[in-house]
Amino acid sequence: MSILRLAPAWARRNVRSSEAGLVLLAIAVGAGAGVLSVVQGAIARTLQHLLFALNIDERLSSATGVPALALLALPLGGLVLAGFSWATGARRRRMVDAVEANALHGGRMSWSDSLVISGQTIISNGFGASVGLEAAYAQLGAGLASVGGGWLRLRRGDLRVLVGAGTGAAIAGAFGAPLAGAFYAFEIVIGAYTPAAIAPVAAAALTGVLVAQMLGAQPYLVDAVAGEPVLTHHYLIYAGLGAVAALLGIVLMRAVAEMETLTRRLPVDAMWRPAIGGVLLIPLALLTPQILSAGHGALHLDLEYGLPLSFLAAIFIMKSAASVVSLGFGFRGGLFFASLFLGSLLGHIYADAIAWAAGTAVIDPQNAALVGMAAFAVAVVGGPMTMAMLVLEATHDFSLAGATIAASLVTTTIVRETFGYSFSTWRLHLRGETIKSARDVGWMRTLTAGRMMRRVERATPARMSIAEFRRAFPLGSTSRVVLVDDQDHYAGIIQTARAYADGLDPGEPIGTLAIQRDQALAPDADVKTVMSALDAAGADEMAVIGGSSEVLGLVSEPYVRRRYAEELDKAQRELFGEH
């Protein structure tokens with residue numbers, strides 16, 4: 001027992017005092033994330049093979065045909081998801097993903113919630129809904145890192161890095177792409193490229209890939225070969241593709257939100273909506289199985305064969321509709337791979353449309369499909385370098401990766417300027433959050449008016465006469481006094497010097513000189529709100545009042561700004577690993 005008690009303390013000291021210790025911990029987390037990704041993928045694929053009678057090496061979205069009766073698995077999956085959510089109490093929980101955890105909670109996540117999210121995603125994908133497993137991979141990778149880091153009581157900055165490393169390792173293991181996984185961690189989960197995070201994230205991503213390969217996992221990495229060489233003027237054409245991808249990506253994200261709004265108006269309990277969504281997916285699946293699951297098989301199929309423009313456009317519309325229905329009606333999952341699939345279709349359509357307009361091929365359709373794949377995923381998921389590295393690792397073609405970066409930068413600029421969110425942060429925005437990335441802003445929310453105020457033990461009655469006030473507060477004794485009415489409710493602030501102005505009637509109540517009668521702060525107001533309120537009021541101090549208008553304390557502008565500067569400096573030092 002003594003060894004078990006001492007082990008965490010020993011490990012904690014070594015990890016907190018040594019960057020090498022954090023790297024070793026990240027390697028362990030990466031190995032675990034790789035194993036979890038393989039297990040989750042195996043469970044979902046097994047479900048698909050059993051439910052849809054697939055051949056051993058066949059992907060659901062590339063199946064030559066799915067029996068019509070087997071498509072009843074879609075509404076059945078909605079019922080199973082409802083039962084699972086009810087049994088786990090998912091409806092009563094507010095579950096936190098890796099992006100929200102790193103932005104608002106210093107990397108802290110619940111393992112039980114992560115298991116629930118993973119289970120919901122596996123059921124949704126395994127029963128054929130048009131969602132990907134990447135959300136499940138990322139959730140368990142991040143959850144494993146958070147629980148392990150919490151057990152070792154890591155610093156806030158180290159825990160955020162470890163959560164990013166676990167997420168990146170999970171994505172890298174699933175795709176067999178360590179660079180893409182590492183950049184996913186930096187861009188999507190940590191929110192910045194920092195020297196302190198490079199070694200742990202890279203080590204975890206490489207470990208995740210190696211473990212997944214050792215277990216014989218089939219990576220999702222796109223097996224593609226670049227087409228004709230990319231010329232300089234092609235960059236401008238691909239920039240146009242990036243702009244189109246940005247606009248359509250925004251439309252897709254808004255469509256999901258609108259569908260969720262419409263489904264909430266249905267006279268049906270939220271638990272049963274996935275089953276209704278499953279019924280609506282059946283007609284689309286009868287037209288083509290390419291709309292089922294995330295679309296891994298369909299992406300490879302459509303890249304391999306030169307398909308007509310009309311067919312590609314039809315698949316793009318139907319897959320988009322299937323994703324909107326699936327997410328809008330409550331299936332759990334993400335749009336990571338679905339956006340890759342849709343982007344590949346968009347790129348192919350873009351190249352064919354230009355060739356039709358020009359009367360000759362202008363850009364290679366294969367290259368355009370790969371660039372479009374990355375650009376559309378950037379519009380929906382974010383992470384321009386993540387998607388560029390995915391293309392690079394798929395093709396080993398640096399010129400095409402350069403064109404992908406150009407298109408992705410156009411995409412991300414347009415999305416940030418006109419929309420401002422990725423799919424994950426957009427859903428958080430709809431839930432009432434204001435974050436736009438995983439950049440750490442949680443410390444601002446903990447730095448509240450209640451924590452920064454100096455307490456007022458006994459407020460002064462506003463009915464006190466000016467003469468009495470002068471006797472109680474001689475000039476120079478204090479600069480400000482908080483006033484309350486007869487019900488002990490906040491009644492404003494009096495600047496002591498004002499009570500000594502010439503021409504005042506000593507018998508008048510001191511409350512007649514009060515300022516900021518209607519301006520006060522709630523104790524849970526964060527530092528940003530406090531500074532904005534002080535600026536708006538043009539005040540050096542403001543009162544903090546409780547829910548019943550009772551006076552709790554005073555906050556001063558100099559102290560608030562000093563505390564903000566201290567915490568900002570601390571966050572910056574943590575970001576760069578300067579403990």
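Start by selecting G334. Leaving out residues up to four places away in sequence, G334 touches V131, G132 and A135. Keep in mind that this is a predicted model.

**Stop 1: around G334**

Is G334 buried or exposed? G334 counts as buried, because its relative accessibility is 12% and the cut-off for buried is under 20%. The C-alpha atoms of G334 and A135 are 5.5 Å apart, although 199 residues separate the two along the chain.

**Stop 2: helix 2 across helix 6**

Next, show helix 2 (residues 19–52) and helix 6 (residues 134–151). Their axes come within 9 Å and cross at roughly 145°. The crossing of helix 2 and helix 6 is right-handed. Which residues of helix 2 and helix 6 meet? From helix 2, pick V29, G32, A33, L36, S37, Q40 and G41. From helix 6, pick A136, Y137, L140, G141, L144 and A145. Colour this contact by class: eight residues are nonpolar, five are polar and none is charged.

**Stop 3: the largest nonpolar core**

Select F175, Y238 and L340. These have the most contacts inside the largest nonpolar core, which holds 129 residues. Which helix gives this core its largest share? Helix 15 (residues 365–380) does, with twelve residues.

Stay on L340. Beyond its neighbours within four places in sequence, L340 is in contact with F175, L299, M373, A377, M387 and L390. Another core lies apart from the largest one. That other core has 16 residues, including M453, L534, A539 and V544.

**Stop 4: S408**

Move to helix 17 (residues 398–418), where S408 lies. S408 counts as buried because its relative accessibility is 0%.

**Stop 5**

Now turn to the strands. Strands of a sheet pair through backbone hydrogen bonds, either parallel or antiparallel. Here, three strands form an open sheet in the order 2-3-4, with mixed pairing. Strand 2 (460–461) and strand 4 (490–495) are the edge strands, each pairing on one side only. Select strand 2 together with strand 3 (residues 480–484). The two run parallel and are joined by two bridges. Click on P461, then on V484 in strand 3: they are bridge partners.

**Stop 6**

Finish at strand 6 (residues 551–556). How many of its six residues are buried? Five of them are, so strand 6 is mostly covered.

Bring in strand 1 (residues 454–455). Strand 1 runs antiparallel to strand 6, and two bridges join them. R455 has G553 in strand 6 as its bridge partner.

Look for E541, which stands opposite S556 in strand 6. Strand 5 and strand 6 make a hairpin with five residues between the strands. End the tour at S549 in that hairpin, where phi is positive, near 70°.

Note on methods. Residues are numbered from 1 along each chain as its sequence is written. This is a predicted model: local features need pLDDT of at least 70, side-chain atom pairs count only at pLDDT 80 or more; totals for chains, interfaces and linings use all residues. Side-chain values use heavy atoms; hydrogens and water are left out. Buried means under 20% relative accessible area, exposed over 50%, partly exposed in between (1.4 Å probe, protein chains only). Contact means heavy atoms within 4.5 Å. Two strands pair if DSSP finds at least two bridges between them. Helices (H or I, at least four residues) and strands (E, at least two) are DSSP runs, numbered from the N terminus. Axes are lines fitted to C-alpha atoms, for helices over the stretch in contact, and angles run from 0 to 180 degrees between N-to-C directions. A crossing is left-handed if the near helix is turned anticlockwise from the far one by less than a right angle, and right-handed if clockwise. Ala, Val, Leu, Ile, Met, Phe, Trp, Tyr, Cys and Pro count as nonpolar, Asp, Glu, Lys and Arg as charged, and the others, Gly among them, as polar. A nonpolar core is a set of buried Ala, Val, Leu, Ile, Met, Phe, Trp, Tyr and Cys residues joined through side-chain atoms within 4.5 Å.
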